[in-house]
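Subject: Structure handover

Hello,

Please find the structure below, followed by notes on what was found in it.

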Amino acid sequence: MSPLPDDPLERGLREKLLGRTRADLARLNRALDACDFPTIVHLAHRLGGAAGALGLEDLSVTGRELEREGARGDAAAVRARLGLLVEALARAKG
Amino acid sequence: MRILLLEDDPIQLELARSWLEGNGHAVTGVSSGKAALKVLERDSFELAIFDWMVPDLSGEELLRWVRQRQKRLPVMFATARDEELEIATVLNLGADDYVVKPLRRLEFLARVDALGRRAGLSGAELEEAFDIGPYRIDPRRRTICLEGRAVKMTPRMADVALLLFRKRGELVSRAQLYEQVWGHPEALDSRTVDTHVSRLRQALELDGRHGWRLSAVYHHGYRLENASPAA
């Protein structure tokens with residue numbers, strides 16, 4: 001079952017997650033430029049877990065795919081996925 | 001249940017904690033493997049939930065540590081992937097259950113409750129009499145026999161004894177004794193527990209002569225220890 005959308009705590013956590021992910025985008029881009037895949041995997045891993053548990057499925061799938069691509073060290077795929085992450089973030093609502 | 005929850009992401013930690021607390025559990029949350037070890041050394045829990053991927057300690061190291069010291073503590077891992085190999089690894093290393101992330105509230109809570117039941121923390125199993133060496137403990141009657149003779153004790157002392165026998169080998173914190181035996185921790189003087197434990201040690205002769213010793217763990221609580229390898 002999806003978490004209750006009207007729960008104030010979960011609503012607050014969704015807002016917090018969206019803010020954090022916006023900030024993480026810069027870190028992810030820097031990590032990609034430096035071929036720092038462990039950082040990409042770490043940030044993507046926590047995004048996938050947190051977004052999914054909070055019912056933000058689109059963001060969660062993007063995070064999990066990013067984690068897989070980062071684990072493979074696939075820079076091109078990561079770059080493309082970061083573009084999708086920007087779009088998913090713009091669509092997401094707290 | 002008293003649950004130790006290890007999750008390095010503060011958002012996921014807060015969310016899982018709120019789900020568990022909303023279901024009546026008492027949660028201690030930590031965000032690193034080393035912090036989890038520190039808490040496990042000074043407090044006792046009925047269930048541990050660990051994220052498999054924490055930055056400072058591998059899930060394997062954490063599990064090995066727990067299994068060396070607290071064999072009966074039920075451990076559930078949260079894994080990121082539902083890959084067969086990873087799940088098999090987690091279970092083969094001694095975890096009692098796993099849950100795949102992202103966590104889903106109802107499934108997560110149901111797994112926690114099921115693990116608690118399997119560990120004998122609820123239900124009919126808790127009422128069955130059991131033997132530990134020369135001691136026979138009967139939870140339903142709140143009586144304890146030593147070598148066949150009933151030992152005189154108050155119902156409160158019997159409750160303390162029952163908890164210590166169930167958790168034998170593990171540290172039982174004062175907080176846990178307050179919570180599970182008295183139910184109103186804020187109203188108690190810490191000497192209340194110490195007095196009950198002291199009387200219990202004397203009444204049940206838990207000084208090693210029958211194979212079990214009730215020891216104080218400085219500042220933390222008590223541990224009922226096996227005093228002879230053959231016991």
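Predicted model: local features only at pLDDT ≥ 70, side-chain atom pairs only at ≥ 80, totals over all residues.

Strands pair if DSSP finds at least two bridges between them. Helices (H or I, at least four residues) and strands (E, at least two) are DSSP runs, numbered from the N terminus.

Residues are numbered from 1 along each chain as its sequence is written, and chains are lettered from A and ligands numbered from 1 in the order in which they are written.

S10(B) and S12(B) run antiparallel and are joined by 3 bridges. Val172(B) has Tyr222(B) in S12(B) as its bridge partner.

Helix H8 (residues 190–203) of chain B has 14 residues, which at 1.5 Å a residue should span 20 Å; its end C-alpha atoms are 21 Å apart, which agrees. The expected span is 1.5 Å times one less than the number of residues. Val193(B), His196(B), Val197(B) and Leu200(B) are the buried residues of H8(B). They fall within an arc of 95° seen down the helix axis, so they line one face of H8(B); the arc is that of the directions from the axis to the C-beta atoms. Buried means 20 or more other C-beta atoms within 10 Å of a residue's own, exposed 12 or fewer, and partly exposed in between, with C-beta atoms placed from the backbone. On the other side of H8(B), the exposed residues are Arg191(B), Thr195(B) and Gln202(B). The cover over the buried residues of H8(B) includes helix H6 (155–166), helix H7 (174–182), strand S11 (212–217) and strand S12 (221–226) of chain B.

Arg156(B) is in helix H6 of chain B and is partly exposed, with 15 other C-beta atoms within 10 Å. Leaving aside neighbours within four places in sequence, Arg156(B) is in contact (C-beta atoms, placed from the backbone, within 7 Å) with Val181(B) and His196(B).

Regards

Note on methods:
Contact = placed C-beta atoms within 7 Å.
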